[in-house]
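Could you look through the structure shown here with the notes below beside it?

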Amino acid sequence: RRAAVECAMAMPGINLTDKEAIEKDASRWINENSARNAICHAFVVALAHYFVLPGKNRPLPPGYHDFDVEKLSDGAKRLYDRIQRRNPASTIVPVHPALVMGTDETGLVVVDGVAEENKWKWRLVDASADAGAHSYYTEGGDSAKPGILRVKLCITTNAIGMVAAIWIVVSGLTEAELPREHCPHGIHVVPIEGLCREYPKDPSAKGLGFICLTRKTTSEDDGVSIAQRKFREYEDQVFGPFVDKCRRLVDTSYNGGDASAYPHLRVASWTDGDGPQIKQQLEDLAKSRSSGILRLKTGARCSGVQAAADLQRTHANTKAVNKRKTASQLKVNNLKDRVVTALKGLKEDGKLKLLKERQLVEIVATAPDIYDEAVTKRGVKCGFETGGFIDKASGWAADESLLLKTCQKGLSEHDDIAYENGWDSGDPETDFYGIVSEKGKIPEGALDAAAIDEDKDKAGNLVLRLQDGIQQLDRQRSLILTHDDLVRQMKQKSQKAEDEKYEVAMLEVARVNSILDKVNEIETNLVATLPTTGTVAGNHVP
């Protein structure tokens, strides 16, 4: 401690800090200060968070009894009026806040049974980086250390502060830990009764939570990676039931499943662009569309300003609480016993042999307390409000002012005019509302046509342009994944891939046939050179 203080006093470029954040990398700074990202995001929200009912002054659907346009904040009312002007013969209604959702993962480091104490934690950092979170562990650096386990919590929340079931992911298990003979696809989900937010206050709570165990592999089984299977399991076990629960909260007549008869129960579901998650969602497009779920992606490297999960402090809070919670501190340990029993049963059946079982039991047993303390209703709602997904005044509709503030430096006067023109322009090349309605996103060409500032780094240099089309969707700006045009392009891409496979297969058949023809020709010529009668190599030829 003394050496650290002396060092900080003696060296002008070194500071002492107790802050817990990390300086954003250059890519995040560029994207969080991008006018293009903010404008794309605002128009995607405008399209996705409102549905249009044919006919003026239609009665509001079930669940909207307390929606009042006059109670909206100025920014939300301005966005409402813009959308109404674009649909003058219709009634526009915002997606119910219970159905505005965000899903994200956060990683935790679990140390076997030791809580962090109140000890001197000041550390030396570069003076220019004296902000944000300073990690105790480097990525991948502790994976082999005994007593330490890395897990991920996948958290889905909605804009009224609800949280989906607990889902704990343990990745990178070996074949010895998760044998292929019992788990050929490399993923095993263990349901645990009582693994829920209600448990700390009510130990008799029977809500289900899940442990998702995945084996380490880089290969795909039937063209589906383990990462994709993980998200598919999450959709089936957690996200789908959560959607049904929220829909029944809005309209008690809804019975689950197909929501085509309930247009007012549309779900606006946001993710931050994880590659495998997007790939899985694209493969399940038909299911999402039939169930009335709009799949939406925030801009690449913009989660810090656009993703509700990153704005609601949920991730940071879970990490903080995890550091000082251990199962031994809890008054009731029934949940710990259930987890031990479940894992013991799998072990006795030869299906599982975890090397770090104690650490897994530790995080599962403390997860309800972590959620209860860190994932609060007020905190969750705050994230959706800060990102502009709902307005703070009424809690109902998206706030235009906050959506545009996702550009940290603010829009220039020129870009502000371009945004205004994007609503009322008679030019189809710069009519952003019409373009998003038609394509599900704003292509780079349309942003160029409006002369919106291109992305630049801190030094003012232009950076590599983001891709268009349907390649690497996870690296693009905000978009509607389930939009008709993107679905059409995906089908074309899939058909093209199948056609190319067929063409390659036919070329291979032709190549093999050519070889066989050549072999037959050689055999024929060889036979023709042999004498018709006599003795060849000691054998009689008739």
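1. Basis of the notes. This is a predicted model, in which local features need pLDDT of at least 70 and side-chain atom pairs count only at pLDDT 80 or more, while totals for chains, interfaces and linings use all residues. Residues are numbered from 1 along each chain as its sequence is written, and side-chain values use heavy atoms, with hydrogens and water left out.

2. The chain as a whole. The chain has 18 helices and 14 strands, these being DSSP runs numbered from the N terminus (helices H or I, at least four residues; strands E, at least two). Of its 542 residues, 45% count as buried, where buried means under 20% relative accessible area, exposed over 50%, and partly exposed in between, with a 1.4 Å probe and protein chains only. Among contacts between residues at least 6 apart in sequence, 77% join residues at least 24 apart, a contact being heavy atoms within 4.5 Å. The chain exposes about 27,100 Å², and carbon and sulfur atoms supply 53% of that area; accessible areas come from the Shrake-Rupley method with a 1.4 Å probe, and for residues only the protein chains shown count as cover.

3. Helix α15. The twelve residues of helix α15 (residues 413-424) should span 16 Å at 1.5 Å a residue, which agrees with the 17 Å between its end C-alpha atoms; the expected span is 1.5 Å times one less than the number of residues. Asp415, Ala418, Tyr419, Gly422 and Trp423 are the buried residues of α15. Seen down the axis, these buried residues fall within an arc of 145°, so they line one face of α15, the arc being that of the directions from the helix axis to the C-beta atoms. An α-helix has 3.6 residues a turn, so residues three or four places apart point the same way. On the other side of α15, Glu413 and Asp424 are exposed, whereas the buried residues pack against α3 (35-48), α4 (74-86), α14 (400-404) and α16 (432-439).

4. Helix α16. Which residues of α16 are buried? They are Phe432, Tyr433, Ile435 and Val436, and they cover an arc of only 165° around the axis, which puts them on the same side of α16. The partners against which the buried residues of α16 pack are α3, α4, α15, α17 (444-449) and β12 (479-480). Just after α16, Gly440 takes a positive phi of about 85°.

5. Salt bridges. With a salt bridge taken as a side-chain nitrogen of Lys or Arg within 4 Å of a carboxyl oxygen of Asp or Glu, the count comes to 18. One of them joins the side chains of Glu105 and Lys152 at 3.7 Å, N to O, and this pair links strand β4 (residues 100-111), which holds Glu105, to strand β6 (residues 148-158), which holds Lys152, across 47 residues. Glu105 is buried, with a relative accessible area of 18%, while Lys152 is partly exposed at 39%.

6. A bridge from a loop to a helix. Lys201 forms a salt bridge with Asp372, and their closest N and O atoms are 2.5 Å apart. Lys201 lies in the loop between β8 and β9 and Asp372 in helix α12 (residues 357-374), 171 residues apart. Lys201 is exposed, with a relative accessible area of 66%, and Asp372 is partly exposed at 28%. Elsewhere, Arg36, Glu444, Asp448, Asp455 and Arg477 are linked in a network of salt bridges.

7. A nonpolar surface patch. Tyr502, Met506 and Val509 form a nonpolar patch on the surface, with about 300 Å² of accessible area together. Patches are made of residues with over 30% relative accessible area and no salt bridge, like charges being joined within 9 Å and nonpolar side chains (Val, Leu, Ile, Met, Phe, Trp, Tyr) within 5 Å. Val509 lies in helix α18 (residues 484-529) and is partly exposed, with a relative accessible area of 41%.

8. Around Asp244. Asp244 is found in helix α5 (residues 226-250). Asp244 and Asn255 are eleven residues apart in sequence and 7.9 Å apart in space, C-alpha to C-alpha. Not counting residues up to four places away in sequence, Asp244 touches Tyr254, Gly256 and Gly257.
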